Amino acid sequence: MERVVDLDEAVAAVADRRTAWRAEGLMVGPVTWRDAAAPWPQRLETDRAEVTEPDSIGIHVRGPHEAELLVVLYRGGWADIDYLASVDDAGVLPAPAMTSAQEFGALLDTCMTRVFGLDAAIG
């Protein structure tokens, strides 16, 4: 898979927002890494040092009233986004192709607004 997005930089975008998210009462799980060099089935790791060839990262955020957001970013520049905002509002959110950690950060801000109602300025 072509390396379009630097996943280490994308993790920094998560770290930049984590404190603000937690201040809003959200539970932010650890970033998970998947290693393309690992044998199948590939385990998700929370320790970056355990991953030699990262091909994706994931972040899981939980909020009030059982709201949840799961974002997986692939080094190829695309993301999978699953969410549950309420019993009547759940599914998959579209994600544009990304070429930078800054674009990923903006995507996270959009998702947090959509799912948890946070002001984009918080991210």
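Y74 is buried, with a relative accessible area of 14% (buried is under 20%, exposed over 50%, partly exposed in between, with a 1.4 Å probe and protein chains only). The model is predicted: local features need pLDDT of at least 70, side-chain atom pairs count only at pLDDT 80 or more, and totals for chains, interfaces and linings use all residues. Residues are numbered from 1 along each chain as its sequence is written, and side-chain values use heavy atoms, leaving out hydrogens and water. The structure holds 1 aromatic pair and 8 salt bridges.

**Aromatic rings**

- The structure's 1 aromatic pair consists of Y74 and W78, which are stacked with 5.2 Å centre to centre and 20 degrees between the planes.
- Rings of Phe, Tyr and Trp (its six-membered ring) pair if their centres lie within 6.5 Å; planes under 30 degrees apart are stacked, over 60 edge-to-face, and the rest tilted.
- Y74 is buried at 14%, whereas W78 is partly exposed at 40%.
- The ring of W33 has R48 over its face, at 4.9 Å from the ring centre (NZ of Lys or CZ of Arg must be within 6 Å of the centre and within 35 degrees of the ring normal).

**Salt bridges**

- R48 also forms a salt bridge with D8, with 2.9 Å between the closest N and O atoms (a side-chain nitrogen of Lys or Arg within 4 Å of a carboxyl oxygen of Asp or Glu).
- This pair links distant parts of the chain: R48 is in the loop between β3 and β4, D8 is in helix α1, and the two are 40 residues apart.
- Helices (H or I, at least four residues) and strands (E, at least two) are DSSP runs, numbered from the N terminus.
- R48 counts as partly exposed at 29% relative accessibility, and D8 counts as partly exposed at 38%.
- A salt bridge joins the side chains of E53 and R3, at 3.9 Å from N to O.
- The E53 and R3 pair also links distant parts of the chain: E53 lies in the loop between β3 (44-45) and β4 (54-62), R3 lies in the segment before α1 (7-23), and they are 50 residues apart.
- E53 is partly exposed at 28%, while R3 is exposed at 53%.
- R3 and E53 belong to a network of salt bridges that also links R75.

**E45 and its surroundings**

- E45 is in strand β3 and is buried, with a relative accessible area of 16%.
- R43 is the salt-bridge partner of E45, the closest N and O atoms being 3.1 Å apart; R43 counts as exposed at 57% relative accessibility.
- The side chains of E45 and R43 also make a polar contact at 3.1 Å.
- A polar contact is a pair of N or O atoms within 3.5 Å; within protein, one must be able to donate a hydrogen and the other to accept it, and residues adjacent in sequence count only if both atoms are side-chain atoms.
- Apart from neighbours within four places in sequence, E45 is in contact with V31, T32, W33, E50 and V51 (heavy atoms within 4.5 Å).

**Strand β4 and its partners**

- β4 is mostly covered, with 7 of its 9 residues buried.
- Strand β1 (residues 27-28) runs antiparallel to β4 and is joined to β4 by 2 bridges (strands pair if DSSP finds at least two bridges between them).
- Opposite M27 stands R62 in β4.
- β4 also pairs in the antiparallel sense with strand β2 (residues 32-35), over 4 bridges; there, P54 in β4 is the bridge partner of D35.
- Strand β5 (residues 68-74) is antiparallel to β4, and 7 bridges join the two; L70 in β5 is the bridge partner of H60.

**Backbone exceptions**

- Most residues other than glycine have a negative phi, and most peptide bonds are trans.
- The hairpin of β4 and β5 has 5 residues between the strands, and H65 takes a positive phi near 60 degrees there.
- H65 is in the loop between β4 and β5 and counts as exposed at 75% relative accessibility.
- E66 is not a glycine either, yet has a positive phi of about 65 degrees.
- E66 is found in the loop between β4 and β5 and counts as exposed at 66% relative accessibility.
- W40 and P41 are joined by a cis peptide bond, with omega about -10 degrees; P41 is placed in the loop between β2 and β3.
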